[in-house]
Amino acid sequence: MHQITLPRPDDWHLHLRDGAMLQAVLPETARHFARAIVMPNLVPPVVTLADAQAYHSRIMAALPRDMAFEPLMTLYLTEGTDPADVAAAHASGLVKAVKLYPAGATTNSHSGVRDLTKVMPVLEKMAEIGLPLCTHGEVTDPSVDIFDREAVFIDTVLDPLRRRLPGLRLVMEHITTEEGVAYAAEGGENLAATITTHHLIINRNHILAGGIKPHYYCLPVAKREKHRLALRKAATSGSPRYFLGTDSAPHVDALKEHACGCAGCFTATNTLSLLAHVFEEEGALDKLAGFTSLNGPAFYRLPVNTATIRLEKRAEPCIWPEKIVADAGPVTVFNPGFPVHWHVLP
Ligand code: NCD
Ligand code: ZN
């Protein structure tokens with residue numbers, strides 16, 4: 001099979017940032033994707049419907065005229081979030097999810113949630129109206145090993161929450177472990193999980209063996225090889241519980257290549273080619289459309305895109321820019337470390 005046609009894909013977890021960075025990275029996504037769930041972890045975060053409306057306008061203003069793209073907005077859950085504002089955000093049609101960051105878990109998460117009991121009225125309202133909660137599923141307890149933080153979150157936070165509020169529709173964002181894969185598999189129709197492109201490609205050796213590679217560092221951090229293999233199996237299984245959320249998260253090189261480097265891999269530019277490569281390796285090219293274009297809309301109760309996109313396998317490898325040039329500085333594009341031959345056709 002040398003050509004594949006997919007319904008135009010969507011990215012169910014994306015960081016677009018703001019200002020000059022937004023301007024630089026938005027075309028990288030809009031070139032291939034019709035829609036994206038846009039993460040709200042700006043400084044200050046996107047907390048209210050009014051914040052989301054303003055951010056939506058800035059994204060649309062940054063979109064090149066010849067590109068079509070629909071940002072699906074999210075609200076950043078804080079302990080001060082008003083359930084009525086969340087209900088109004090849902091009713092507006094602009095906001096498609098609320099994001100839970102445990103305070104301190106990742107980039108710009110200090111306004112996140114310390115005590116889940118404080119946000120129960122919001123979560124109860126969301127369960128009532130069917131608005132999904134997207135979770136950054138890592139505990140922040142410094143005594144828990146960073147490689148165990150996802151599994152511990154599932155046991156100590158996620159499972160108790162789902163038992164308390166079984167009607168809450170929930171997406172486990174960017175799962176990185178076999179425990180995450182297994183939990184999502186058993187959750188029923190109110191539960192789904194996104195998987196990033198890079199977690200299908202790298203394990204923790206890529207970050208740490210033979211010298212530290214800051215451009216492979218992201219959160220949740222890549223785990224052991226057995227976990228990468230579990231993620232590959234899940235993504236290529238055809239199960240509707242798993243779909244693509246790239247978590248493409250640009251940071252300028254100066255902040256990645258730093259004594260305290262920022263977390264995030266920037267994969268918007270080459271994600272589709274990389275996924276075709278991975279799915280072909282797994283003998284599952286027929287499952288690619290489910291992962292990139294069908295399962296996400298089904299969970300979010302949105303139509304599948306009618307436009308299509310084609311990829312073609314060629315003898316010559318894809319050539320991507322090594323860096324995207326943003327006004328704030330260069331942003332390194334994720335380098336898989338092997339040649340990729342699936343070209344996205346214009
Ligand atoms: C994200 C970012 O930079 O905003 N970083 C990352 O490593 N994924 C935050 C996040 O999604 O955790
Ligand atoms: Zn993210």
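## Pro220 and its cis bond

Let's start with Pro220, which sits in the loop between helix H7 (204–208) and helix H8 (225–235). Keep in mind that this is a predicted model. The peptide bond leading from Leu219 into Pro220 is cis, and its omega is near -5°. Why stop to look at that? Because most peptide bonds are trans.

## Another cis bond, at Pro44

Next, go to the loop between strand E3 (35–38) and helix H2 (49–62), where you'll find Pro44. The bond from Val43 to Pro44 is cis as well, with omega near -10°.

## Positive phi at Asn108

Now for a backbone angle. Most residues other than glycine have a negative phi. Asn108, though, has a positive phi, near 55°. To spot Asn108, look in the loop that runs between strand E5 (95–100) and helix H4 (120–129).

Is Asn108 buried, partly exposed or exposed? Its relative accessibility is 23%, so Asn108 counts as partly exposed. The cut-off for buried is under 20%.

## Positive phi at Asp247

Asp247 is a residue other than glycine with a positive phi, near 55°. Its place is the loop between strand E9 (242–244) and helix H9 (253–256).

Terms used:
Residues numbered from 1 in each chain as written. Chains lettered and ligands numbered in written order. Predicted model: local features only at pLDDT ≥ 70, side-chain atom pairs only at ≥ 80, totals over all residues. Heavy atoms only, no water. Helix = DSSP H or I, 4+ residues; strand = E, 2+ residues; numbered from the N terminus. Buried < 20%, exposed > 50% of the residue type's maximum accessible area, 1.4 Å probe, protein only.
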